[in-house]
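Hi,

Here is the structure I promised to pass on to you.

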Amino acid sequence: MIHFIYNPNSGSKSNASKKQMLQKLEKIENSQLHLTEYAGHAHHLALQALQHGAKKVIAIGGDGTIHEIASALVGTKTALGIIPIGSGNGLARHLGLQLTFSKALQQAIQGHEISIDVAYWNQDAFFCTAGIGFDAFVAHQFAQGKKRGLVNYIKASFNSILKYDAIDVQHTDSSNESIFSMTFANANQFGNNAFISPFSNLQDGNFEVVKVKPLTVWESAQLGISLFFKNINQQKKVSIQSYQRYEFSVPLGTLYHMDGENLQTKELQHTIKIIPNYLRIIV
């Protein structure tokens with residue numbers, strides 16, 4: 001049995017397009033279609049699908065919907081399929097999945113399964129990227145707006161540059177470091193082909209820590225451009241190192257992001273770790 005979990009609020013498709021999508025999904029034999037109704041609903045629907053013995057759970061939505069469903073499937077034999085209809089589609093793009101609905105549907109049903117690594121921030125799983133600093137600040141600003149998409153994200157980034165201050169991070173050796181941003185990358189990009197960690201691999205048992213030292217406004221603009229040219233690793237104030245575990249401390253209430261979700265820390269101590277081959281996914 002295939003379970004489809006569709007977030008009708010994802011993306012910017014017209015109502016007519018969404019109706020056509022639903023009609024196609026309803027024709028799939030030996031399947032069930034579930035529509036999400038509130039934040040966190042996709043996670044609960046995925047857990048219910050597991051209880052009913054689902055062989056595949058196919059997420060139809062953006063990175064947030066995929067995050068909710070994947071978090072329920074980690075460590076199980078049930079495979080995650082992805083039909084990406086969000087604004088960034090970071091995990092789908094990293095995996096080279098189809099981005100048009102019809103082709104993605106065919107791939108999710110007929111594709112083969114692989115296992116990918118799952119990263120954890122304390123007890124919470126993430127699959128693409130997470131981090132603190134400027135990226136989290138922009139995510140917070142972006143979340144305040146009503147419009148989505150790459151253009152509006154770029155606008156939020158430019159508006160944030162003049163407002164943002166570097167943050168201090170304390171490491172386990174008691175050293176302090178002032179950073180512009182610190183990203184934990186399991187996948188190679190934020191989404192929209194903005195490559196924060198060009199050489200990250202979802203199957204190598206590692207995640208990358210991308211540290212950016214404090215920047216001038218001009219250097220910030222150069223850094224932003226380098227994301228789309230896939231050469232951020234060549235920037236002088238950027239360091240990228242691979243880890244299986246990384247620990248640090250930041251003040252309570254520090255903004256952070258995880259797979260695009262805008263959050264604030266509720267703890268002082270933080271641990272990022274990786275669990276190899278912990279999620280089955282259809283490609």
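This is a predicted model: local features need pLDDT of at least 70, side-chain atom pairs count only at pLDDT 80 or more; totals for chains, interfaces and linings use all residues.

**The start of the chain**

**A pair of helices**

Next, look at helix H1 (residues 15-26) and helix H5 (residues 101-110). They pack at an angle of about 25°, and their axes are 11 Å apart. Since angles under 35 degrees count as roughly parallel, H1 is roughly parallel to H5. Their crossing is right-handed. On the H1 side the contact is made by Met21, Lys24 and Leu25, and on the H5 side by Phe101, Ser102 and Leu105.

Which helix is largely enclosed by the rest of the structure? That is H3 (residues 63-73), because nine of its eleven residues are buried. Just after H3, glycine 75 takes a positive phi of about 80°.

The largest nonpolar core has 32 residues, and those with the most contacts inside it are Ile69, Leu80, Leu91, Leu279 and Ile281. Two or more residues each come from helix H2 (41-51), strand E3 (56-61), H3, strand E4 (79-84), helix H4 (90-95), strand E5 (113-121) and strand E16 (269-282). H3 gives the largest share, five residues.

Leaving aside neighbours within four places in sequence, leucine 279 is in contact with Ala70, Leu73, Val74, Leu80, Ile114, Ser115, Ile116, Val118 and Phe127. There is also a second, separate core of 19 residues, which includes Phe126, Val209, Tyr246 and Met258.

**The six-stranded sheet**

Six strands form an open sheet, in the order E12-E11-E10-E7-E14-E15, with antiparallel pairing. The edge strands are E12 (238-243) and E15 (261-264), each of which pairs on one side only. From one strand to the next the twist averages 20°.

Within this sheet, strand E7 (residues 129-133) and strand E14 (residues 255-258) pair over three bridges in the antiparallel sense. Alanine 130 stands opposite methionine 258 in E14, and Met258 is one of the residues of the second core.

**A few single residues**

- Isoleucine 116: this residue is in strand E5. Is it buried or exposed? Isoleucine 116 counts as buried, at 0% relative accessibility. Not counting residues up to four places away in sequence, isoleucine 116 touches Leu202, Gln203, Asn277, Tyr278, Leu279 and Ile281. Its C-alpha atom and that of lysine 266, 150 residues apart along the chain, are separated by 28 Å.
- Asparagine 122: this residue lies in the loop between E5 and strand E6 (124-126). Although asparagine 122 is not a glycine, its phi is positive, about 55°. With a relative accessible area of 16%, asparagine 122 is buried.
- Asparagine 277: here we are in strand E16. Phi is near 50° for asparagine 277, a positive value in a residue other than glycine.
- Glutamate 37: the loop between strand E2 (31-35) and H2 holds this residue. Glutamate 37 counts as exposed, at 65% relative accessibility. The C-alpha atoms of glutamate 37 and tyrosine 6, 31 residues apart along the chain, are separated by 9.6 Å.

Happy browsing, and do write back with any questions.

Best wishes

Terms used: Residues are numbered from 1 along each chain as its sequence is written. Side-chain values use heavy atoms; hydrogens and water are left out. Two strands pair if DSSP finds at least two bridges between them. Helices (H or I, at least four residues) and strands (E, at least two) are DSSP runs, numbered from the N terminus. Axes are lines fitted to C-alpha atoms, for helices over the stretch in contact, and angles run from 0 to 180 degrees between N-to-C directions. Buried means under 20% relative accessible area, exposed over 50%, partly exposed in between (1.4 Å probe, protein chains only). A nonpolar core is a set of buried Ala, Val, Leu, Ile, Met, Phe, Trp, Tyr and Cys residues joined through side-chain atoms within 4.5 Å. Contact means heavy atoms within 4.5 Å. Angles under 35 degrees count as roughly parallel, over 145 as roughly antiparallel, 65 to 115 as roughly perpendicular and the rest as oblique. A crossing is left-handed if the near helix is turned anticlockwise from the far one by less than a right angle, and right-handed if clockwise.
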